[in-house]
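Please keep the sequence and the structure in view while reading.

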Amino acid sequence: MRTSWLPPRLAQLTRRARELGLLLLGSITVLFFLLRLAGDPAAVIAGPDATPEQLELVRAEYGLDQPLPVQYARYLGQLAQLDFGTSLADDAPAIDKVLAAWPASLMLAGMALLTTVLVSLPLGIWLGGHPRARLARLVRGGIFVLQGFPGFVTALLLVQLFAIQLELVPALGFGTPATWILPSIAVASFLAPKLVRLVEANVSASLEGAYVRTAQASGLSDRAILWGQVAPNALLGAVALIGAQAAFLVTGLVIVETIFAWPGIGLLLVQSTTNLDFPVIQAITITVVVAVYLVNLLSDAVQRLLDPRIAGQGSPA
């Protein structure tokens, strides 16, 4: 029963904002104290030959000489003013460096997800509709093998084969469309097998439905039944996985971006971690948490739009 005095839509927005606020506070708190266990950024800033006196001066300049609770309280106060601090590497605003890296990551995530969907959905539907075909058995074997490959292994193999040996496309960079091919395929090769198998299983289950027998009795061809009636029903179950994969892409491109020198959030995170650039790492984490939360909300909204049964299951505010 809804007990909130707020209108339903406003109550839902309030609940979502509260959830996001608690999620951010928890993530910020855990990360803040864990980072301080990783090392002393003053040693990175001052250099390996710095004297103890120089280290103390650097710590005092960046406030690293204060007790951790004081540093934490000051950081929360800065965040309340939308001040994410300055990079310890070059004194640039941390949030500016993070926002500058996001377009490249979103671009790679979008291309990889589009490639995954365009390949996986028709392939999964075809496999589900032709379970005993000889070619289907071969494709399933390939998918099974591919599913066991970590994404970074596939990325390295693609670089070795297509960039180094065949010299068809460049291995590194971001500037031209040719540099987009290998990273997109590397990410899609990791996501596609699971989506193909899910769609195949959904199609196989849907083919056992009573409406299929009714359609066959009415004289529809097997092809028309598969693509016109079974496929749309089977794809509803794939929306949740596509949404989960989109959320994963927001955070899971670190290794691929590093391998291909892709100037996105993943590469920036690796560089900032190496330099113990706490403000940038924290700014990355905050934007990633918000992005993942928004992607999950969007995925949930799409599922509710496509499936009226879900839309009717209102959650209490």
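The model is predicted, so local features need pLDDT of at least 70 and side-chain atom pairs count only at pLDDT 80 or more, while totals for chains, interfaces and linings use all residues. Residues are numbered from 1 along each chain as its sequence is written, and side-chain values use heavy atoms, without hydrogens and water.

Helices are DSSP runs (H or I, at least four residues), numbered from the N terminus. H8 (residues 181-206) packs against H10 (residues 222-251). Axes are lines fitted to C-alpha atoms over the stretch in contact, and angles run from 0 to 180 degrees between N-to-C directions.

| Feature of the H8 and H10 pair | Value |
|---|---|
| Angle between H8 and H10 | about 145° |
| Distance between the axes of H8 and H10 | 9 Å |

Contact means heavy atoms within 4.5 Å. Among the residues that meet are Val187, Leu191 and Leu195 in H8, and Leu241, Ile242 and Leu249 in H10.

Glu200 also lies in H8. Is Glu200 buried or exposed? Because its relative accessibility is 14%, Glu200 counts as buried (buried means under 20% relative accessible area, with a 1.4 Å probe and protein chains only). Leaving out residues up to four places away in sequence, Glu200 touches Gly124, Leu127, Gly128 and Arg140.

A nonpolar core is a set of buried Ala, Val, Leu, Ile, Met, Phe, Trp, Tyr and Cys residues joined through side-chain atoms within 4.5 Å. The largest has 36 residues, and Val187 and Leu249 are among those touching the most other members. H10 gives the most to this core, with 10 residues.

How values were computed. Helices (H or I, at least four residues) and strands (E, at least two) are DSSP runs, numbered from the N terminus. Buried means under 20% relative accessible area, exposed over 50%, partly exposed in between (1.4 Å probe, protein chains only).
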